[in-house]
Amino acid sequence: MKKPATAKHETREMNDMSEINVPVMETQTLQEAISRHLKYSLGTDESHASLYDWRMALSLSLRDLVVDPWFASTRKTYNTKAKRVYYLSMEFLIGRLIEDVAINLQVEKVATEAMRNLGQDYATVVADEPDAALGNGGLGRLAACFLDSLSTLGIPAYGYGIRYEHGLFEQHFDDDGRQIETAETWLSQRHAWEFERPEVSYTIGFGGYCSEAKGKTTWTPAQTVIASAYDTPVVGWKAKWANTLRLWAAKSTSVFDLDSFNRGEYLAASEPEALARTISRVLYPDDTTDEGKELRLKQEYFFTAASIQDLVRRFLTEGNDLHDLPEMAAIQLNDTHPAIAGPELVRLLVDIHGFDMADAIEVARSSLGYTNHTLLPEALERWPEGLFARILPRHHRIIEHIQNAHLAETNNSVRIIENGSVKMGELAFIMAHAVNGVSALHTDLVKQTVYSALHKDYPDRIINETNGITPRRWLYSCNPPLRNLINETIGTNWPDDLEQLDKLSAHVDDSAFLDRFRAAKVENKERLSAWLKQRDGFSIDPTAMFDIQVKRVHEYKRQLMNLLETVALWNDIRDNPNGNWTPRIKFFGGKAAPGYVVAKEIIHLINDVAKTINNDPATRKYLQICYPENYNVTMAEHLIPAADLSEQISTAGKEASGTGNMKFALNGAPTIGTLDGANVEIREYVGAENFFLFGLTAAEAEARRAVPDFARKAITASPRLTRVLGQISSGLFSAGDKTRYVSLVQRLFEHDYFLVTCDFDAYFDTQRLVDKAYQDPAAWTRMAALNTARVGWFSSDRTIAGYAKDIWGVKSIKDL
């Protein structure tokens, strides 16, 4: 194979770089850098600068400090010919970056002092930064944690995704409590952290036809768009390594039709640009319509194809032979969204580089890994075959080849294309050399359920890599009071060696330590209360128990069960107002997908119930509901450190892992939860006595569904639940409207697949055990401290080390 010439857009990656040196910054130097950026980057001065100007100047000054270790890391990767990880994900929920970068650079105090010397408040400037609207929930936050850990561990890596203009959506509630979706506007201002790479672009095709000539297949697309790269450096702990998050924006191949414009057809003149940009405008467009399905398929192919072409280009630029790609590139698919990576890589190898089909399939499979994140059938994507073949005709043919090869080499009848659908879960499995679950329970269930037939043919392919979280953001940054206590108690080496937290166990019977631990929680609760008062106008009592459930709204996560228990508790308090009640605030946070009608009804009901309970003078000193709009990373950074109780109450067997459960436990919030996802492992680590367990197991849940009329029987057997459902049906929480929640209540009686009715009584009773435990502050604080001390294993550094060893075959090179 002919060795390609160095690509033009490789030159910036190949610039001469020195060895990696951790930047050292004095306050005066950073102060001067900020002033310089005010003048030369933003065109203003200190006397006229707005808050935006100050924030941008600080961001650009910090970004400057990242560039040297970023360049040096890239140089070391080239010089050592190291294998790279390529992490493909539809979401990267990176949140705000000023604090994250300052902490990893070890310049947080310097930045605070520099801004103070310039007459600015560091916290106010940080708060002005918008959250990057690049994700929705756990999938995207996990990807962001993984990038942080890859950089902290010094493993060469790229994250690949889409640069969404408007993200998922910005959530608001109307006057009746219904969810309203508006566009995210995070890119209405310049994004300080990214570098636009106009020289890095690829043409991505859709539709058209395939032709055969001289044994070669040529795909001629009917429509093309340009994938244009934007790079954000991701610096690890103490700036010893930095990797790259490369996001793709869709642009038109023909920006502007001047002839149409001159004919007065102004909208038509801009139509190509508008249609192209649609691909990278919104995360997860509503796919309940045919148009929505087509757009989502195009999105997934767009970013995956650009990423695969980019990594192949980089590999060839270094003078390598594509047969050796698996030795130098580990491509990880974060769920099924980028499952088209296998066929796309095969297409490049066969159609462009002359491989035969069998060799191409083997090279692709040896390069690809696939992470499964769900057991829910609707989340294992399937595309109508007609749509798929129309949008990606060449890939449809390649998938047929992949399927035939799979059927020929196994006794399995599992097909990728079946009953008019292209099944992306099966495609991802068959085209990966390793498939991993994300918790021990989930991995076992993957083997037993969704991939049971494939597991029989490939018994060594499915492995477990339990999820983790980065402690740099999810304790060190977001919880300064607890961080400081930990530093003073066990030293400062724990942020990149989180299992050192176990040293705290020796202090949980020290009353002085527990007093400080409790004081840290109180400080966080007061901080959250002030933030919600300023942001949303909520007035909450920080002395009450903060009972928090924050995650995307879905039936299996059972926000509805949480709410029904809240109403039942309200009833009990009203029936016995002089009882020994534990004051409690129920926090909800999360968005429902725009097309998910049931989830949006649940949100509406939460807000309706909140109006009634929060305005009840007989109970409001004991019970309130707080549902702030637009849950995102920044809100999580306020809520999680302040939590007293972590709600992890999904139906057993349905949550793959969860990472919120880890974040809450790390910040000293005991869990009330089921044996689902990583709850199982968290309970093992923190101790059963420090975890409030309830509910059916996964096996029991499956058996219960087989019982005729199980939900109605459970409701009949529960006077509390019967009363609550009767109140909802009577219109008590909907201003007398008895029809508003008819379908939601009827669904519980007739289609309660997620077993809200069956677990309700056990959940209610366990919550009363929580009440009793919380009334003993010393015992509760000891339990909370043990949660923090014993969850060090759940660091994403540990998770990434597992991927590196078990799946990717890569090593850290930061210390070479």
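# Briefing on a predicted protein model

In this predicted model, G369 stands opposite A434 in strand 15. The strand belongs to a protein chain with 32 helices and 22 strands, where helices (H or I, at least four residues) and strands (E, at least two) are DSSP runs, numbered from the N terminus. Residues are numbered from 1 along each chain as its sequence is written, and side-chain values use heavy atoms, with hydrogens and water left out. As the model is a prediction, local features need pLDDT of at least 70 and side-chain atom pairs count only at pLDDT 80 or more, while totals for chains, interfaces and linings use all residues.

**Overall form**

- Along the principal axes, the C-alpha atoms of the protein chain fill a box of roughly 85 × 70 × 65 Å.
- Of the 816 residues in the protein chain, 62% are buried. Buried means under 20% relative accessible area, exposed over 50%, and partly exposed in between (1.4 Å probe, protein chains only).

**Strand 15 and its partners**

- Strand 15 (residues 434–437) is covered on both faces: A434 and N436 are buried on one side, and V435 and G437 are buried on the other.
- Strand 11 (residues 368–371) runs parallel to strand 15 and is joined to it by 3 bridges. Two strands pair if DSSP finds at least two bridges between them.
- Strand 16 (residues 462–464) is also parallel to strand 15, again with 3 bridges. In strand 16, I462 is the bridge partner of V435.

- An open sheet of 3 strands has the order 12-14-13, with antiparallel pairing. Its edge strands, each pairing on one side only, are strand 12 (382–384) and strand 13 (417–418).
- Strand 12 pairs with strand 14 (residues 421–423) in the antiparallel sense over 3 bridges. In strand 14, S421 is the bridge partner of P384.

**Cavities**

- Rolling a probe the size of a water molecule over the atoms shows where empty space is left. Here a cavity is a set of points, on a 1 Å grid over the protein atoms alone, where a 1.4 Å probe fits but cannot get out; lining residues have an atom within 4 Å of a point. Grid points are joined across faces, edges and corners, and a volume is the space filled by probe spheres set on the points.
- By this rule there are 9 cavities of 30 Å³ or more.
- The second largest cavity holds about 200 Å³ of space. It is lined by 16 residues, and those closest to its centre are I94, L97, D100, A144 and V234.
- Helix 3 (98–105), helix 6 (138–153) and strand 8 (223–235) are the elements that give two or more residues to this lining.
- The lining of the second largest cavity has 9 nonpolar, 3 polar and 4 charged residues. Ala, Val, Leu, Ile, Met, Phe, Trp, Tyr, Cys and Pro count as nonpolar, Asp, Glu, Lys and Arg as charged, and the others, Gly among them, as polar.

**Helix 25**

- In helix 25 (residues 679–686), the residues N679, E681, I682 and V686 are buried. Seen down the axis of helix 25, its buried residues fall within an arc of 160°, so they line one face of the helix. The arc is that of the directions from the helix axis to the C-beta atoms.

- Most residues other than glycine have a negative phi.
- N630 is not a glycine, yet has a positive phi of about 60°. N630 lies in the loop between strand 19 (623–626) and helix 23 (633–642), and is buried, with a relative accessible area of 10%.
- A735, also not a glycine, has a positive phi of about 55°. A735 lies in the loop between helix 28 (719–730) and helix 29 (742–750), and counts as exposed at 82% relative accessibility.

**Residues apart along the chain**

- D174 lies in the loop between strand 3 (170–173) and strand 4 (179–182), and counts as partly exposed at 26% relative accessibility. D174 and H604 are 430 residues apart along the chain, and their C-alpha atoms are separated by 9.6 Å.
- M25 is found in the segment before helix 1 (27–40), and counts as buried at 13% relative accessibility. M25 and E99 are 74 residues apart along the chain, with 16 Å between their C-alpha atoms.

Key
1 Å grid on protein atoms, 1.4 Å probe; cavity = no way out; pocket = protein on both sides within 12 Å on 5 of 7 lines; lining within 4 Å.
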